[in-house]
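Biologist: Please put the model on the screen, and let us go through a few questions about it together.

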Amino acid sequence: MVDDTQVRGEIICAMGNRIEGLERLERVLKVRASLEYAYHPALAHARSVTGLCALAAGQRSRAVDLATQAREAFTAQPGVSDYFELPLKELDRRLQSKS
């Protein structure tokens, strides 16, 4: 369930308006978390993307929380397409470099 709110949030964040982008992404996560299986790969992907935006917005602890939630999903659902895991790999790399 990727809607235009998520895509717009990603784009807005990537364009440098981190706060507005993060607000949109968090709104999507709240809805998706209430509707989807907690370990759904697409939800984990969305959490990772939101974590990347949170980190860029200076919200490291939120980014760490989202990375942890995404990682738990991929542990519970091993062998998913690399597409779903790529944002988490990037988030982990950025979290390591900013520690």
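Biologist: Is Val-7 buried, exposed or partly exposed?
Modeller: This is a predicted model, in which local features need pLDDT of at least 70, side-chain atom pairs count only at pLDDT 80 or more, and totals for chains, interfaces and linings use all residues. Residues are numbered from 1 along each chain as its sequence is written, and side-chain values use heavy atoms, with hydrogens and water left out. Buried means under 20% relative accessible area and exposed over 50%, with partly exposed in between (1.4 Å probe, protein chains only). Because Val-7 has a relative accessible area of 38%, this residue is partly exposed.

Biologist: In which helix does Val-7 lie?
Modeller: Helices (H or I, at least four residues) and strands (E, at least two) are DSSP runs, numbered from the N terminus. The chain has five helices and zero strands. Val-7 belongs to the one covering residues 4–14, helix α1.

Biologist: What radius of gyration does the chain have?
Modeller: The radius is taken over C-alpha atoms, and the globule rule is 2.2 Å times the number of residues to the power 0.38. The C-alpha trace spans about 35 × 30 × 20 Å along its principal axes. For 99 residues a compact globule would have a value near 13 Å, which agrees with that of the chain, 12 Å.

Biologist: How much of the chain counts as buried?
Modeller: The chain exposes about 5,600 Å² (Shrake-Rupley method, 1.4 Å probe; for residues, only the protein chains shown count as cover), and carbon and sulfur atoms supply 54% of that area. Of the 99 residues, the share that counts as buried is 37%.
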